[in-house]
Amino acid sequence: MGLYPGDASANPVKTIPAQKPAVSPASKNPAKDDTGAAEARLIEVYGLIGRGENRSALLKAERLAADLPTFQLAQLVYGDLLASRVRQVTTLGDVPPAMAKSASEALKELREESSKRVKALKERPPTGMVPAQFLQLASTTRHAIAVDASRSRLYLFENSGNGLTLIADYYISVGKAGISKAVEGDQRTPLGVYYITSNLDPKTLKDFYGSGALPINYPNVLDAKRGKTGSGIWLHGTPPTQYARAPLATDGCIVLANPDLERIIKTVAIRATPVVIASQLQWVPAVNAKNAAKGFESALLAWRNAKTGGNVQQVLSFYTPDFNSNGKTLQQWTPLLRGEMEKIRGRTIQLKDVSYLHWIDSNETMVTTFGEVAEGSRIGWTKRQYWSYQNGQWKIFYEGVL
């Protein structure tokens, strides 16, 4: 009998062909493993096992284990391959019963990590599809991130003249208690539309956070409206003793292997990169996303036209009674609106670099960011609005200047 015979949960990679690592092991610095290369090498080992090429698999697993001694899953597979030379190995982490009992939780986590990695690589996003939340991104938004918690996967996109292109994806860990963060300390990862707010210097962080950290704006406006609490939700790396963590292992943050985090840090722009975190991403054709935005675009255009027209009451009809702008109620904020409109004095308002991000849970929300410039002006405000769909109409429940 071969390694992991007939056990889909132990050997779910039989149908995945061997994958060439991003760089050859001999040409790279093991301490600076290239983004995604470790996973590609592990999957290559799985592919060799699936085809019964155990000798080749052992050699490659040995090199991977030597290059990355903290990659626990790779060490486990290497151990299985060694054990298979003297006895039958039937499941991932097939260790002696006494050892299995004492390390049952660790083995369970490593098997789950293996399953998540393989599932995400077998079930690739269809070509030309994008997450349904990304209806439109301004050309000034060069990158976007989407997280699928069900797959323990983060997807990195590049935004160009041809739309969104998936350029990389990575295994991640989320909260110990799962997702849908609601209160401080619940050890859950939030769901929603967020933005990266800063890039924390790793020199100022404990080793626990690895190569650095990218905080996101949890709680966002919608979270705050719903009374959610907590803070300090980051994308960050792993400590020196761990290459990766279990799928459910954090206090609410999103954790990546350090090489993967470093790639993201070097790629994304602070305060301009959206991060969508979903329980499960829905992938749709890009043209469908554009079509889904049309109803909202009409509402946004109507708001702009009303503001250009100079009728304050008409403009106020676009806002919800519980509108909030950084602590100001609608009544407190209205004088600011009047002041803005007096300065515009009927000049046409132009909306530039417009982005729409769509979020649907128990309600339907649109997060839009745009530059608001009055005709004849060279500069204007960059604004963000949160709209909700109520009784067949889009209404604004937050507006603020970035």
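This is a predicted model: local features need pLDDT of at least 70, side-chain atom pairs count only at pLDDT 80 or more; totals for chains, interfaces and linings use all residues.

Residues are numbered from 1 along each chain as its sequence is written, and side-chain values use heavy atoms, with hydrogens and water left out.

**Phe296 and Trp394**
- The structure holds 17 aromatic pairs (ring centres of Phe, Tyr or the six-membered ring of Trp within 6.5 Å; planes under 30 degrees apart are stacked, over 60 edge-to-face, the rest tilted).
- In one of them, the rings of Phe296 and Trp394 have centres 5.4 Å apart and planes at 80°, so this pair is edge-to-face.
- The pair links distant parts of the chain, 98 residues apart: Phe296 is in helix H9 (residues 294-309) and Trp394 in strand S19 (residues 393-401).
- Helices (H or I, at least four residues) and strands (E, at least two) are DSSP runs, numbered from the N terminus.
- Phe296 is buried at 1% relative accessible area, and Trp394 is buried at 11%.
- Buried means under 20% relative accessible area, exposed over 50%, partly exposed in between (1.4 Å probe, protein chains only).
- Phe296 and Trp394 form one aromatic cluster with Tyr356, Trp387 and Tyr389.

**Charges over rings**
- Arg117 lies over the face of Tyr171, 4.2 Å from the ring centre.
- The charged end of Arg384 sits over the Tyr195 ring, 3.7 Å from its centre.
- Such a charge has NZ of Lys or CZ of Arg within 6 Å of the ring centre and within 35 degrees of the ring normal.
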